[in-house]
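Colleague: Hi! Could you walk me through this model before I set anything up?
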Amino acid sequence: MEINNIRLPHNKGTEKAETITIPLPKRVKILLSQHMGVPCLPLVKSGDKVFVGQKIGDIDAFMSTPVHSSVSGTVEAIVDYLPANGRTCKAIVIESDGLQKASDEVKPPKITDTKSFLKAVRESGCCGLGGAGFPTHVKLTFDKEKTPVDTLVINGAECEPYITSDYREMVENSQDIYDGIKLLQKYLDIERAFICIEDNKPLAIEKLTKISENDDKVSVKKLASSYPQGAEKVTTYAATKRVVKEGELPLNQGVLVVNVSTVGFINRYINNGMPLVEKRVTIDGDAILTPCNARVLIGTPISSVLDFADCNKEIVDKLIAGGPMMGMCIHDFETPVCKTNNAFLGFKKPKKKEEQTNCIRCSRCISACPMKLMPTSIEKAYDRKDKAWLKKLKVNLCMNCGSCSYVCPAKRDLAEKNQLAKRLLAEK
Ligand code: SF4
Ligand code: SF4
């Protein structure tokens, strides 16, 4: 079976840009909901002194992960905040004292078995760093009897144009990735691991192949550079030839998929105890004068990140968090950086706006869909609000990769309609 895919211009102009740390912001705004699941409750109040790595938000819920202060300083306020996803949450505003003193809480966790390992992963505040934001400890929790997982797939495909933050993790922190894989294999009892990397990243392939050359349980899989190679179901198939069916997760097929930056971070946390307080992001786009990869504290306003990359904000017509295919448009430059951000792309207004026209029934959208869906029919079914037809068309398999919209000569908003259709089906 072949999975449909498309070829995109890679535009990975920052692939050689070593990660640099951006200056300490005067204040950070740390959202209490940066992951899928239950938002945290604040553990601090206005006027409290906090330190780097101190837990400042948590809740007694499995489907959640704590948040930590990225600066030392004083809590100024706890405010309501409306992020780009439209779900209002609380945010803790902290004024930095400029000292970056680490909290006494920051120490390597004691790991003796699977339970203490998973507890440590939760305490680290980690949630899928590839952008999905699923709490990592939840993803790593499965019953080996009921779900016999035999394969760990480390996702280093990074198929979205422009973004090179995972690539830099593979080049700069390859040992962390390998050691993190060994931790997962040990505590989750997984026989083999594949590090999946697209063939347009030869240096990453070389480094990780060298590190794992004497280990017959870890190997590098070179994948074709096509889109959406990094989507979990696609990567799972490319690595193992196992098909993840409708309503299933890769786990149902015995495969655990973990992002490459996530596994690198887990190893660092287990060794130094510093929770997730910073993120590597790619800053690029035609409105950015100095595209780069930067290490940014969580809670830093995006405006500071753009300033660092010499962006004239006046000329930015579209600011995207993430890649151009699956990223989210940001309306406010003061939006704080979150754990799930891996890129900020600033684009000028296009010279020519492409108008939407009628469908010419060319079927390109169908040929492009990795899930073999019929986006043109889904559009019609959604417009008629026909739930039975939408179910028949299996719209819930849509992963919102955007390939159908990209190839459509009539410039129809197919991927957007699919999302609306999924929401319609979810309505009670
Ligand atoms: S957005 Fe959905 S329907 Fe369109 S190509 Fe991707 S998976 Fe298929
Ligand atoms: S690609 Fe666009 S024009 Fe072609 S069939 Fe699909 S919706 Fe119609």
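Colleague: Great. What should I know about the model and its numbering?

Modeller: This is a predicted model, so local features need pLDDT of at least 70 and side-chain atom pairs count only at pLDDT 80 or more, while totals for chains, interfaces and linings use all residues. Residues are numbered from 1 along each chain as its sequence is written, and chains are lettered from A and ligands numbered from 1 in the order in which they are written.

Colleague: Which residues come nearest to ligand 1?

Modeller: Cys369, Cys398, Cys401, Ser403 and Cys404, out of 16 residues around ligand 1. A residue is near a molecule if its C-beta atom, placed from the backbone, lies within 6 Å of it.

Colleague: And which helix gives the most to that shell?

Modeller: Helix 13, with three residues. Helix 12 (403–407) and helix 13 (414–426) each supply at least two. Helices here are DSSP runs of H or I with at least four residues, strands are runs of E with at least two, and both are numbered from the N terminus.

Colleague: How do the residues around ligand 1 divide by type?

Modeller: Into 12 nonpolar, four polar and no charged. Ala, Val, Leu, Ile, Met, Phe, Trp, Tyr, Cys and Pro count as nonpolar, Asp, Glu, Lys and Arg as charged, and the others, Gly among them, as polar.

Colleague: What about ligand 2, which residues are closest there?

Modeller: Cys359, Cys362, Cys365, Cys408 and Ala410 are the closest of the 14 residues that surround ligand 2. That shell divides into nine nonpolar, two polar and three charged.

Colleague: Back to helix 13. Is asparagine 418 buried or exposed?

Modeller: Asparagine 418, which has its place in helix 13, is buried, with 28 other C-beta atoms within 10 Å. A residue is buried if 20 or more other C-beta atoms lie within 10 Å of its own, exposed if 12 or fewer, and partly exposed in between, with C-beta atoms placed from the backbone.

Colleague: What does asparagine 418 touch?

Modeller: Pro375, Ile378, Val395, Cys398 and Asn400, not counting residues up to four places away in sequence. Contact requires C-beta atoms, placed from the backbone, to lie within 7 Å.

Colleague: Switching topic: why is helix 3 largely enclosed?

Modeller: Six of the eight residues of helix 3 (residues 165–172) are buried, so the rest of the structure largely encloses this helix. The buried ones are Ser165, Asp166, Tyr167, Arg168, Glu169 and Met170.

Colleague: Where are the domains?

Modeller: Domain 1 is 114–272 and domain 2 is 364–426, with bounds from an automatic or database domain assignment. Their centres, taken over C-alpha atoms, are separated by 29 Å. Six residues of domain 1 are in contact with seven residues of domain 2.

Colleague: Last one: what is the strand order in the open sheet of three strands?

Modeller: The order is 3-5-6, with antiparallel pairing. Strand 3 (41–42) and strand 6 (67–68) stand at the edges with a single partner strand each, so one side of each has no neighbour in the sheet. Strands pair if DSSP finds at least two bridges between them.

Colleague: And which residue stands opposite glycine 57?

Modeller: Valine 67, in strand 6.

Notes: Contact = placed C-beta atoms within 7 Å.
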